[in-house]
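Subject: A structure for you to look at

Hello,

Here is the structure I promised you. Please open it and keep it beside this email while you read.

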Amino acid sequence: QVQLVESGGGLVQPGGSLRLSCVASGIIGTRYAMGWYRQAPGKQRELVAIVTGAGSTNYADSVKGRFTISRDNAKKTVYLQMNTLKPEDTAVYYCNANLQNRFYWGQGTQVTVSS
């Protein structure tokens, strides 16, 4: 079975940084896209960043230049480096894997940006 486990969330002041990690298990190969989504209270889940199996990346306009997504295929781990955090970045962040056009999700990790 596919399992995605996120870690690295927490409370940080505006302007600070966090690094989220997502470890995948039960997945064969690396030819699939992975991404980070987030959901704030009362809002829909939105795409933050994606990285394809070939290594290309894309970002939401709101985080471009501040966040960096990367993956370590040997460790089957995807990362989200978040810099210059803003209060509007506060949300539950979810790891996602697109396997054969099926979406799988982690349990989510809370990120709170507040002074």
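Start with strand 7 and strand 8, which pair in the antiparallel sense over six bridges. Bear in mind throughout that this is a predicted model. In general, strands of a sheet pair through backbone hydrogen bonds, either parallel or antiparallel. Across this pairing, T68 stands opposite Q81 in strand 8. Strand 7 and strand 8 form a hairpin, with four residues between them. Look at K76 in the turn: its phi is positive, at about 50°.

Now follow the side chains along strand 7. They alternate. F67, I69 and R71 point to one face and are buried.

The disulfide

C22 comes up again here. A search of the whole structure finds one disulfide. A disulfide is a covalent bond between the sulfur atoms of two cysteines. Here C22 is joined to C95, with 2.1 Å from S to S. The angle about the S-S bond is -85°, and the link is left-handed. C22 lies in strand 3 and C95 in strand 9 (residues 91-99), so the pair ties together parts that are 73 residues apart in sequence. Are these cysteines buried or exposed? Both C22 and C95 are buried.

The core

The largest nonpolar core has 29 residues. M34, W36, L80, M82 and Y93 touch the most other members. Several strands each supply at least two residues of this core, including strand 5 (46-51), strand 8 (77-82) and strand 11 (109-113). Strand 9 gives the most, with five residues.

The aromatic pair

A search of the whole structure finds one aromatic pair. Such a pair is described by the distance of the centres and the angle of the planes. The rings are those of Y37 and W105. Their centres are 4.9 Å apart and their planes stand at 75°, so the pair is edge-to-face; the cut-off for that class is over 60 degrees.

The pair links distant parts of the chain. Y37 sits in strand 4 (residues 33-39) and W105 in strand 10 (residues 102-105), 68 residues apart. How exposed is each ring's residue? Y37 is buried, with a relative accessible area of 16%. W105 counts as partly exposed, at 35% relative accessibility.

R45 lies over the face of W105, at 4.6 Å from the ring centre. R45 also lies over the face of Y94, at 3.8 Å from the ring centre.

Best wishes

Key:
Residues numbered from 1 in each chain as written. Predicted model: local features only at pLDDT ≥ 70, side-chain atom pairs only at ≥ 80, totals over all residues. Heavy atoms only, no water. Phe/Tyr/Trp six-rings, centres within 6.5 Å; stacked < 30°, edge-to-face > 60°. Buried < 20%, exposed > 50% of the residue type's maximum accessible area, 1.4 Å probe, protein only. Lys NZ or Arg CZ within 6 Å of the ring centre and 35° of its normal. Disulfide = S-S within 2.5 Å. Core = buried A, V, L, I, M, F, W, Y, C linked by side-chain atoms within 4.5 Å. Pairing = 2+ DSSP bridges.
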